[in-house]
Amino acid sequence: LQLVESGGGLVQPGGSLRLSCAGPGFDLSGCATGWFRQAPGKEREAVSSISATGRSTNYADSVKGRFTISRDNAKRLVYLEMNSLQPEDTAVYYCAAMPALGRASYVPVRQEQYHYWGQGTQVTVSS
């Protein structure tokens, strides 16, 4: 089972992008979902995560106020709206999912808590 990310691309500093995460073949609406990123030469880091219900969210300090995570459980999609993008946001962005298993409001933040991962989508912020 693998997730599929979309929406990456090249954007100028100050611009915006919206990433989407889908889970073909399984019910993403029953999973807490997170976004992570890995820049060249750096370790993968947590960006944002959201509970299965969507009521609880978490953000890295570096993206607070600029990025917004949301989900549409009817469509089984999770989004990451990224505004005021800066060159330091350049990275491959991955979504990951953890089955909620009754913990509908739980927001996992550690990578090792997530069971399913996508292959990533490149986001490049450059003028």
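## Strand pairing around S9

Strands S4 and S9 pair in the antiparallel sense over eight bridges; strands here are DSSP E runs of at least two residues, numbered from the N terminus, and two strands pair if DSSP finds at least two bridges between them. Gly34 stands opposite Ala96 in S9. The model is predicted: local features need pLDDT of at least 70 and side-chain atom pairs count only at pLDDT 80 or more, while totals for chains, interfaces and linings use all residues. Residues are numbered from 1 along each chain as its sequence is written, and side-chain values use heavy atoms, with hydrogens and water left out.

S9 also pairs with strand S11 (residues 121–125), antiparallel, over three bridges, where Val92 has Gln122 in S11 as its bridge partner. Two bridges join S9 to S10, again antiparallel, and Ala97 is partnered by Tyr116 in S10. Eight of the nine residues of S9 are buried, that is, under 20% relative accessible area with a 1.4 Å probe and protein chains only (over 50% is exposed, in between is partly exposed).

## Aromatic cluster

Rings of Phe, Tyr and Trp (its six-membered ring) pair if their centres lie within 6.5 Å; planes under 30 degrees apart count as stacked, over 60 as edge-to-face and the rest as tilted. By this rule there are three aromatic pairs. The Phe36 and Tyr114 pair is edge-to-face because the ring centres are 5.3 Å apart and the planes are at 80°. Phe36 lies in strand S4 (residues 31–38) and Tyr114 in the loop between strand S9 (91–99) and strand S10 (116–117), 78 residues apart. Phe36 and Tyr114 are both buried.

Phe36 also pairs with Trp117 in a tilted arrangement, at 5.0 Å centre to centre and 45° between the planes. This pair joins S4 to S10 across 81 residues, and Trp117, like Phe36, is buried. Ring pairs link Phe36, Tyr114 and Trp117 into a cluster.

## Charges over rings

A charge sits over a ring if NZ of Lys or CZ of Arg is within 6 Å of the ring centre and within 35 degrees of the ring normal. Arg44 lies over the face of Trp117, at 3.9 Å from the ring centre. Arg18 lies over the face of Tyr79, at 4.2 Å.

## Gln113 in the S9–S10 loop

Gln113 is found in the loop between S9 and S10. Its relative accessible area is 13%, so Gln113 is buried. Leaving aside neighbours within four places in sequence, Gln113 is in contact (heavy atoms within 4.5 Å) with Met98, Tyr106 and Pro108.

Key. Helices (H or I, at least four residues) and strands (E, at least two) are DSSP runs, numbered from the N terminus.
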